[in-house]
Amino acid sequence: MSMNPLLEVLLDRQSVKFVQAPGPDAVQLDLILQAAMRAPDHGAVRPWRFKLIPRQHVPMLVDLAIQAGQAAGKPMPDFKITKWRAWLARVPLVIAIACRPDPSGRIREQESLLSVGTAVMNMLNAAHALGLAGFWSTGMGTYLDGVAEALGFDALDERFMGYLALGTPIEQPGPVIRPDYREFVTEWQPSPEFSA
Ligand SMILES: Cc1cc2nc3c(=O)[nH]c(=O)nc-3n(C[C@H](O)[C@H](O)[C@H](O)COP(=O)(O)O)c2cc1C
């Protein structure tokens with residue numbers, strides 16, 4: 001039986017950290033962001049916030065992290081700085097991700113965070129369908145004070161959720177072994193008091 005092409009994309013995707021130019025062109029980026037808008041969204045909160053960081057500014061993300069680490073009294077170790085610089089030197093596009101939960105509180109914050117997570121999943125899958133790849137990282141000072149604000153997010157009303165690097169894999173990734181879903185799936189059996 002031939003595989004459904006959409007399922008083929010879903011079952012074949014894997015994260016690729018080390019990407020290079022070309023990143024998504026304008027048409028591809030438009031499709032990737034449209035895919036994000038297909039995320040399930042309880043109460044139509046529209047919690048997704050994306051900040052595009054073009055190639056020439058990408059290396060500055062390391063400087064933001066260094067600065068935030070210093071301000072927090074937790075200077076970044078040199079090995080981390082070197083690792084980040086080497087990674088980002090070739091990344092053609094980073095999308096900083098944030099969530100703006102329902103200001104009324106009617107929809108629980110965790111639902112908005114999940115909605116952003118599903119949006120990013122759609123972006124990763126869309127990138128893969130387009131022959132590109134991505135990697136979601138909450139490194140580089142994501143959780144340090146000041147980074148979200150420096151990226152233009154609202155520290156009070158928005159939750160910074162890290163960086164999505166997008167581009168062309170530098171090396172085609174090898175196959176990864178995925179878990180057997182049966183380890184995580186059970187069938188519910190109602191206890192007798194609920195039985196008809
Ligand atoms: C919210 C989130 C944050 C992540 N942050 C990091 C990170 O900071 N560093 C890292 O090595 N992997 C991180 N990952 C994992 C990678 O993005 C990736 O999912 C992992 O390497 C497995 O690859 P796969 O998507 O092909 O299963 C994160 C994943 C998620 C969902």
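Ala98 sits in strand 3, residues 93–99. Strands here are DSSP E runs of at least two residues, helices are H or I runs of at least four, and both are numbered from the N terminus. Ala98 is buried, at 0% relative accessibility. Buried means under 20% relative accessible area, exposed means over 50%, and partly exposed is in between, with a 1.4 Å probe and protein chains only.

A word on the source. This is a predicted model, where local features need pLDDT of at least 70, side-chain atom pairs count only at pLDDT 80 or more, and totals for chains, interfaces and linings use all residues. Residues are numbered from 1 along each chain as its sequence is written, and side-chain values use heavy atoms, with hydrogens and water left out.

Now the overall fold. The protein has 6 helices and 5 strands. Along the sequence, the order is α-β-α-β-α-α-β-α-β-α-β. The C-alpha atoms fill a box of roughly 65 × 45 × 35 Å along the principal axes. Of the 196 residues, 38% are buried.

Next, the backbone. Start with the loop between strand 1 (19–20) and helix 2 (26–36), where Pro22 lies. The peptide bond from Ala21 to Pro22 is cis, with omega near 0°.

Move on to the loop between helix 2 and strand 2 (48–54), which holds Ala44. Ala44 is not a glycine, but its phi is positive, about 50°. Is Ala44 buried or partly exposed? Ala44 counts as partly exposed, because its relative accessibility is 43%. Arg46 belongs to the loop between helix 2 and strand 2. Arg46 has a positive phi too, near 55°, and is a residue other than glycine. At 48% relative accessibility, Arg46 counts as partly exposed.

Which residues make the nonpolar surface patch? They are Met3, Leu6, Leu7, Leu10 and Leu11, and the patch covers about 490 Å². Patches take residues with over 30% relative accessible area and no salt bridge; nonpolar side chains (Val, Leu, Ile, Met, Phe, Trp, Tyr) are joined within 5 Å, like charges within 9 Å. A salt bridge puts a side-chain nitrogen of Lys or Arg within 4 Å of a carboxyl oxygen of Asp or Glu. Take Leu7, in helix 1, residues 5–12. Leu7 is partly exposed, with a relative accessible area of 40%.

Last, the ligand. Around it are Arg13, Gln14, Ser15, Phe135, Trp136, Ser137, Thr138, Gly139 and Arg178. Each residue counted as near has a heavy atom within 4 Å. By class, that shell has 2 nonpolar, 5 polar and 2 charged residues. The nonpolar class is Ala, Val, Leu, Ile, Met, Phe, Trp, Tyr, Cys and Pro; Asp, Glu, Lys and Arg are charged; the others, Gly among them, are polar.

Where are the polar contacts, meaning pairs of N or O atoms within 3.5 Å? A ligand oxygen is 2.6 Å from a side-chain N or O atom of Arg178. For Thr138, a polar backbone atom is 3.0 Å from a ligand oxygen. For Gly139, the distance from a polar backbone atom to a ligand oxygen is 3.2 Å. On its own, the ligand has 620 Å² of accessible area, and the protein covers 53% of that. Accessible areas come from the Shrake-Rupley method with a 1.4 Å probe; for residues, only the protein chains shown count as cover.

Technical notes
Polar contact = N/O pair within 3.5 Å; in protein donor to acceptor, adjacent residues only side chain to side chain.
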